[in-house]
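Please look over the sequence and the 3D structure shown here. The paragraphs after them go through selected places in turn.

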Amino acid sequence: MIFYFLTLLLAFFSRKIFLDCLGAEFIGLTGTLGNILGYLNLAELGITACIGYFLFKPLQSNNRQEIQDILSLLGYLYNWIGCIILAGGALISLFFPFIFSKAELGLGIIYFAYYSFLGSSLIGYFINYRQILLTADQKNYLVAIYFQSANILKIILQIFLAYTYQNLYIWVGVEFLFGIIGCIILNWKINQEYPWLNVDKSRGKVLLKQYPEIITKTKQVFIHKIKDFVLVKSDELFIFLFVSLKMVAYYGNYMIVISKLISLFSAITGSVGASVGNLVAEGDKAKMMKVFWEFTTIQHTIAAILSFSLYSFIEPFIAHWLGPEYIMDRWILVLLIIYIYITNSRTSVDSFNYAHGLYADVWSAWAELIINVSITIIAGLKWGIIGILLGKIISLLAIVVLWKPYYLFTSGFKESVYIYWKGVIRNYGISIFAFALSTYLIRFIPFNPYQSLWEWALYAAIGMTIFLTIELGATLLFAKGAKDSLSRIKNIRKK
């Protein structure tokens, strides 16, 4: 949490410095290049998700030989994937004169930034692949601590150099340098935590025959991974194609605020995925259902808090932080709120599907992808960012809200999905009630959030107090699993 707040302050301060000193065009470029590299990373095929799933049982039983075998297989596969990404990255770069023909920046900085980011990405495939062991072993906090330390130093150095020299090449060079530093630190920590770990990539081909189910699961996950990327990661690329590179930066400003708020809660619940995997490996169904409802209620509450805080306070914050000219259309914000609520409230269902290894519904991934891309292209050309968000939301409603819970309950829990809707409808009702009532009540707060940053802080503090009182009160009274969550927190405090 300490690292979260440190990086939060640095993120907002650095964004302002980078926009002023390096320009919105360059910031938009970094976001666009990141999304292009994201497409290349699809070559990863979802192997990491599969390996994580297969590590849960050997970690629970402390089967060190099996852990070493699985990581050796991962290293072997990642070597091939890294080579494919390198070749694909070089091929795509040949088309940059056409892709960035309208960009004001020169091709020199575009190529330098691209290959620096590509090099940082390849480090994960050739060297940092063992990191998955920390995640599956519920020690991802170690990764966060060491990476966040390096990240804080990197941002401080980039701020100083951007303000002093206003040189784009220096900024990119520092970004690449700290990618290497982070790699060195992470591998040192893994060696400390697991001194017995001996990974042998040369055995990968033999081990592939020993674990054929990994390939089966990978084929299933690959389709889901393509869909997730298009839905979650391609915003800036679509905005670049349908609107402009400058609007990529404007949209990115909002997403920085949103991502930092989401990260705040991820700092608390971030390790739950691995915990759920270990819970499912135990096989206690009654305990699984109990934890599922606790987790579901927590995630809906988090989604409601995120939605209300962003809807009520982000626009005056943007005005103070960057200037009123960076505030986008109100409908963009409304659609972002709907999208954020759905994606954050879905986490419990996704975590339990993942822990059960339920990836066979590849048709749903294709359906979500087709719905999303079709609506995005049609509506995006007509309405820009609003159309892009509509595509994301409609596809989520059809698959994530309706299908995924059905798949989990019928194939994972072996229960009727009616049980899910009977419980979750309360969460939706509580969130809508708290949002509507709080939005009405904060109109009477005697502060103008646009007047000054101080008045915005007071307005936000009072507004969140009103919302939390209503939301948490209604949740404890009506939401399934809320009282169990409260008891769990009390027991933790006693310990």
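Helices (H or I, at least four residues) and strands (E, at least two) are taken as DSSP runs and numbered from the N terminus. By that numbering, Ser364 sits in helix α18, which covers residues 362-383. The model is a predicted one, in which local features need pLDDT of at least 70 and side-chain atom pairs count only at pLDDT 80 or more, while totals for chains, interfaces and linings use all residues. Residues are numbered from 1 along each chain as its sequence is written, and side-chain values use heavy atoms, with hydrogens and water left out.

Is Ser364 buried or exposed? A residue is called buried under 20% relative accessible area, exposed over 50%, and partly exposed in between (1.4 Å probe, protein chains only). Ser364 has a relative accessible area of 1%, so Ser364 is buried. A polar atom of the Ser364 side chain lies 2.7 Å from the backbone oxygen of Asp361. Such a polar contact is a pair of N or O atoms within 3.5 Å; within protein, one must be able to donate a hydrogen and the other to accept it, and residues adjacent in sequence count only if both atoms are side-chain atoms. Contact in the wider sense means heavy atoms within 4.5 Å. With neighbours within four places in sequence left aside, Ser364 is in contact with His224, Ile399, Trp403 and Lys404.

Helix α19 is the next stop. This helix bends by about 40 degrees at Leu396, where the bend is the angle between axes fitted to the seven residues ending there and the seven starting there. Pro405 is also found in α19. Pro405 is buried because its relative accessible area is 1%. Apart from neighbours within four places in sequence, the contacts of Pro405 are Val349, Val400, Val417 and Tyr420. The C-alpha atoms of Pro405 and Gly283 are separated by 19 Å, and these residues are 122 residues apart along the chain.

Phe292 lies in helix α15. Its relative accessibility is 0%, so Phe292 counts as buried. Not counting residues up to four places away in sequence, Phe292 touches Ser348, Val349, Phe352, Leu408, Phe409, Phe413 and Tyr420. Ala379, 87 residues from Phe292 along the chain, has its C-alpha atom 37 Å from that of Phe292.

Now to the charged side chains. Side chains of opposite charge can pair when their charged atoms come close. A salt bridge is counted when a side-chain nitrogen of Lys or Arg is within 4 Å of a carboxyl oxygen of Asp or Glu. How many salt bridges does this rule give? The count comes to eight. One of them joins the side chains of Arg203 and Asp69, at 3.0 Å from N to O. This pair links distant parts of the chain, 134 residues apart: Arg203 is in the loop between α9 (168-193) and α10 (204-210), and Asp69 is in helix α4 (residues 64-93). Arg203 is partly exposed, with a relative accessible area of 32%, whereas Asp69 counts as buried at 7%.

Lys285 and Glu415 also meet in a salt bridge, at 2.8 Å from N to O. Here too distant parts of the chain are linked, 130 residues apart: Lys285 belongs to helix α15 (residues 285-321), and Glu415 to the loop between α19 (385-412) and α20 (417-441). Lys285 counts as partly exposed at 33% relative accessibility, and Glu415 counts as partly exposed at 29%. In another salt bridge, the side chains of Arg346 and Asp350 meet at 2.5 Å from N to O. Arg346 is buried at 14%, while Asp350 is partly exposed at 27%.

Backbone angles come next. Most residues other than glycine have a negative phi, and most peptide bonds are trans. Lys414, in the loop between α19 and α20, has a positive phi near 60 degrees. At 60% relative accessibility, Lys414 counts as exposed. Gln166 is not a glycine, yet its phi is positive at about 50 degrees. Gln166 is in the loop between α8 (140-165) and α9, and counts as partly exposed at 48% relative accessibility.

The last stop is on the surface. Leu91, Leu94, Phe95, Phe98 and Ile99 form a nonpolar patch there, with about 550 Å² of accessible area together. Patches are made of residues with over 30% relative accessible area and no salt bridge, with like charges joined within 9 Å and nonpolar side chains (Val, Leu, Ile, Met, Phe, Trp, Tyr) within 5 Å. Accessible areas come from the Shrake-Rupley method with a 1.4 Å probe; for residues, only the protein chains shown count as cover. Phe98 is in helix α5 (residues 96-99), and Phe98 is exposed, with a relative accessible area of 65%.
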